[in-house]
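Please read the points below with the model open beside you.

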Amino acid sequence: MPGLQDRVAFITGAGRGQGRAHAVRLAREGADIIGVDICADIDSMNYPNATEADLAETERLVGKEGRRMVARKADVRDFTGLRAAFEDGYREFGRVDIVIANAGIIRLGPESEDFLSDWNDVIDTNLTGVYHTVRAALPALREGGRGGSIVITSSTAGLKASPSLFASGQAYAAAKRGVVALAQGLAGYLAPEWIRVNTIHPTGVASGMTKNDAMRALMEQAAAGGSNAISGMQNALPLPMLEATDVAEAVAFLVSDAARFITGIAWPLDAGFTIR
């Protein structure tokens, strides 16, 4: 992709899945990476998050591409810790050009007894965490005076919410719709500085969020004719799920100079999910 050599990308949720795919794909194009991940489980969620070993593996894979990565354990819900992690990388590389706010969670299946924790943890991670990510890096991005690109990982749920009464599912859709408004406001304000802001809206992606026991139980229930959060979900194209590398290809284009005129869009990467 044009213009990515020696640029620096700040990526959250970099331990595995889409975050790792973005880090490796951009490194292949010549970018260095500041990558963070919580590397710990969240009590209200019912599948495991990435581990410190996962984040170290992302760092190793970036190194295989001939680039450097500053990898730090940080929770996007904690602005102070997240900013400190970003600043570690910024001191190392002396610049930032790309921000990919990718970290996200959802409880799969029925809500827990503490439904408010289900709601708050998703909102705090998927909406407030995105705000924290942008605010942690934006001063340095603007001070660079070179423009830049911010990409926020939303979801098809941010365009077309699935029916649900469960707190986590409702919070997920609300947060993923909320980041669209956040991106639009930022895009309009930052456009004169050549800082572009866009959201991407993937359909289901093979990752830690979808390849776990909780998701397998939902898929088996739906396949047997049961009604649950995923039973009505189907892509128009005969493709059940994207790979993380599919999304990374799109993001690599979106942050490159080839997309220098694209800002303020909500881009469905959905195999036709939203047209069904």
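1. In this note, two residues are in contact when they have heavy atoms within 4.5 Å of each other. Among contacts in the protein between residues at least 6 apart in sequence, 77% join residues at least 24 apart.

2. A word on the origin of the values: this is a predicted model, in which local features need pLDDT of at least 70 and side-chain atom pairs count only at pLDDT 80 or more, while totals for chains, interfaces and linings use all residues. Residues are numbered from 1 along each chain as its sequence is written, and side-chain values use heavy atoms, with hydrogens and water left out.

3. The protein has seven helices and nine strands, where helices (H or I, at least four residues) and strands (E, at least two) are DSSP runs numbered from the N terminus. Its radius of gyration is 18 Å, close to the 19 Å that the globule rule gives for 276 residues, so the protein is as compact as a globular protein of that length; the radius is taken over C-alpha atoms, and the rule is 2.2 Å times the number of residues to the power 0.38. Along the principal axes, the C-alpha trace spans about 55 × 35 × 35 Å.

4. Buried residues make up 53% of the 276 residues, where buried means under 20% relative accessible area, exposed over 50%, and partly exposed in between (1.4 Å probe, protein chains only).

5. Turning to the sheet, seven strands form an open sheet with parallel pairing, in the order β3-β2-β1-β4-β5-β6-β9; two strands count as paired if DSSP finds at least two bridges between them. The edge strands are β3 and β9 (266-269), each of which pairs on one side only. Neighbouring strands of this sheet are turned by 15 degrees against each other on average, direction ignored; axes are lines fitted to C-alpha atoms, for helices over the stretch in contact, and angles run from 0 to 180 degrees between N-to-C directions.

6. Within this sheet, strand β5 (residues 148-153) runs parallel to strand β6 (residues 195-202), and six bridges join them; Val151 has Asn198 in β6 as its bridge partner. Helix α1 packs on the sheet and touches β1, β2, β4 (98-101), β5 and β6, with a direction at about 170 degrees to that of β1. Helix α5 (residues 167-190) also packs on the sheet, where it touches β5 and β6, and its direction makes about 160 degrees with that of β6.

7. Strand β2 (residues 32-37) deserves a careful look, since six of its six residues are buried. Asp32, Ile34 and Val36 point one way, whereas Ile33, Gly35 and Asp37 point the other way. With strand β1 (residues 8-12), β2 pairs in the parallel sense over five bridges, and Val36 is the bridge partner of Thr12. With strand β3 (residues 69-73), β2 again pairs in the parallel sense over five bridges, and here Ile34 stands opposite Val70.

8. Leaving aside neighbours within four places in sequence, Ser44 is in contact with Arg107, Ser117, Asp118 and Asp121.
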